[in-house]
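Dear colleague,

I am handing over the structure we spoke about, and you will find it just below. My notes on what turned up in it follow, and I would be glad if you read them with the coordinates open.

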Amino acid sequence: MMKLTERKYIKEKSSRPLSGVVLFLLMAIPLFSFAQQTQVNAEIDTSEIKIGEQILYSIQVETDSSNLVVFPEGDSFSPLEIVESFKADTTRLEDRFRLIKEYSLTQFDSGSYVIPQQKVLINDREFLTDSMLVEVADVAVDTTRQKMYPIKPSVEVPGSFKIPSWIWWLLVILVLAGLVFYLYRRKQKKEAEKELPPYEQVILELQQLDNSSLLEQREVKEYYSQLTFSARKYLDREVYDRALESTTSELIAYLELNKNAGKLKLDEKTIRDLKVILSRADLAKFANSRPDVITAKADRSRVGDIIEEVKTSKPEPSEEEIRKDEAYREARERKKKQRRVVIAAVLTSLLLIGAIGAFIISKGFDEVRDSLLGHPTKELLEGEWIRSEYGDPSVMITTPEVLVRKELELPEETRQMMLGSETFVYGSPVSNFYTALTTVKFSGETDFDLERSVDGIYTMLEQQGARNIIMKEEEFSTLSGVEGIRIFGTLEIEDPVTGRAVTNAYEILNFVENSGFEQIMVIHNEGDTYAEEISKRIIDSVEFNKDSN
């Protein structure tokens, strides 16, 4: 019984591994088949580059035409940077596809870098490429042969056309000023329109009220408002000049007082009826009372009768009253004219202040001030510039004004070496801008020491009255490649009028070219931005005629 049990156990145990192997083989068949059908390879065109050069990294996939392939993107190539990811190239091979995806990679630091394994997804299954080592080398620079130059200043690149901000500010100010002026003129036009005489005006307004549909629309409150306003306005112009702002009781009291004094020939019933109508209108306007349409029409008819009675009861004005009334009207017209002049002046001032403010915001206070009040170097900068040749050997230069020939004292040692010299200047060293151009023609093959001549510049500046001279020196090259020495810095010159020391900036270019010595000097007030731009334009414009002898 024990043996049978043991044999059964052994049989069962030996049968399990066989079923596991069969199951594994059955599962591996489709995977092995898929792997045989799909191939993923990666390569690079080079493993050694210099800083900034590019590597072409390509991934090649061969797979069934029904499979979906997803290539890597993003930062998966770090530490190398992707310069460009090219579109995948697809080739059909019977029932299969060959896809080639290329990437342009680079690195800007020297060293050894590893391109990590890249993940390619094919029908949600991952395939990994091999990692690759890349060497990035420095760019060798031979400083013994390659001359080192200072860092060039930044160059302003003109952008695309853009409407300046000050134009928008000015446009807003003009629109607002135009709107204010339009409203003012509209009001002025209404005031200037000649109003009808009091009686004709009230009759016209009552007729317009009759033609309205206020009663049909049951707008009784508005109807009574217009009715009583027309009546009060007539009384204001003909009887009592405060009828519009008076209460009903005040107006009635005034009418009764003038009636009792004999100034108005009105019946008691007329005044009483007017009081009733005005009181009913007050109730309609302020107490939400709603008189019926028949009552409203009756009140309208009675107001017309009252207007007629007031017209006939008012005595003719005397000559003195007519003169006073005329003088009053003339005084009122003068006040209106004065008020119009004041308003126009205020509007003009606001417009000017707004325009100047907009210019200051967009251009800056100094430029607006200089544009309005004037600035000598700004006028030079914005004037018509002249390009001309000066001296022998000739120098081409562009200046805001023509340079004038002038005799210049030269050392005797220099005079012995030269055939002649010429000097052309504009302004003077004590003015706000000064420029001078000097050319010296040597006799024969003279070995002129440019460095030695530069050493004498300090003495030359002192002779012209300069003090506290700070000198800096650097090599200079014109746009055509002519090399020279640039001396620049600051100095102080005493103002002959005030006696105060003025700090100036200066630049002096020195060349030995075409068997001669050429010197271009520019001196201007330190901090004058217009003069600085003039100086830069002059210095940048210097050129030489290579054909001169």
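Lys311 lies over the face of Tyr199, at 5.0 Å from the ring centre, and in this predicted model a charge and a ring also meet at Arg486, whose charged end sits over the ring of Phe488, 3.9 Å from its centre.

As for rings with rings, a search of the whole structure finds eight aromatic pairs. The centres of the Phe476 and Phe511 rings are 6.2 Å apart and their planes stand at 70°, over the 60 degrees that the class requires, so this pair is edge-to-face. It links distant parts of the chain, since Phe476 belongs to strand S17 (residues 466-477) and Phe511 to strand S19 (residues 501-512), 35 residues apart. Phe476 counts as buried at 15% relative accessibility, and Phe511 counts as buried at 1%. Elsewhere, ring pairs link Tyr57, Phe77 and Tyr103 into a cluster.

Turning to the strands, S2, S11 and S8 form an open sheet in that order, with mixed pairing. Strand S2 (48-50) and strand S8 (111-115) are at the edges with a single partner strand each, so one side of each is left without a neighbour in the sheet. S2 pairs with strand S11 (residues 132-137) in the parallel sense over three bridges, and Lys50 stands opposite Ala137 in S11.

Strand S12 (residues 386-390) and strand S13 (residues 395-399), by contrast, run antiparallel and are joined by five bridges, with Tyr390 opposite Val395. Four residues lie between the strands of this hairpin, in which Gly391 takes a positive phi near 75°.

Note on methods. Residues are numbered from 1 along each chain as its sequence is written. This is a predicted model: local features need pLDDT of at least 70, side-chain atom pairs count only at pLDDT 80 or more; totals for chains, interfaces and linings use all residues. Side-chain values use heavy atoms; hydrogens and water are left out. Two strands pair if DSSP finds at least two bridges between them. Helices (H or I, at least four residues) and strands (E, at least two) are DSSP runs, numbered from the N terminus. Rings of Phe, Tyr and Trp (its six-membered ring) pair if their centres lie within 6.5 Å; planes under 30 degrees apart count as stacked, over 60 as edge-to-face and the rest as tilted. Buried means under 20% relative accessible area, exposed over 50%, partly exposed in between (1.4 Å probe, protein chains only). A charge sits over a ring if NZ of Lys or CZ of Arg is within 6 Å of the ring centre and within 35 degrees of the ring normal.
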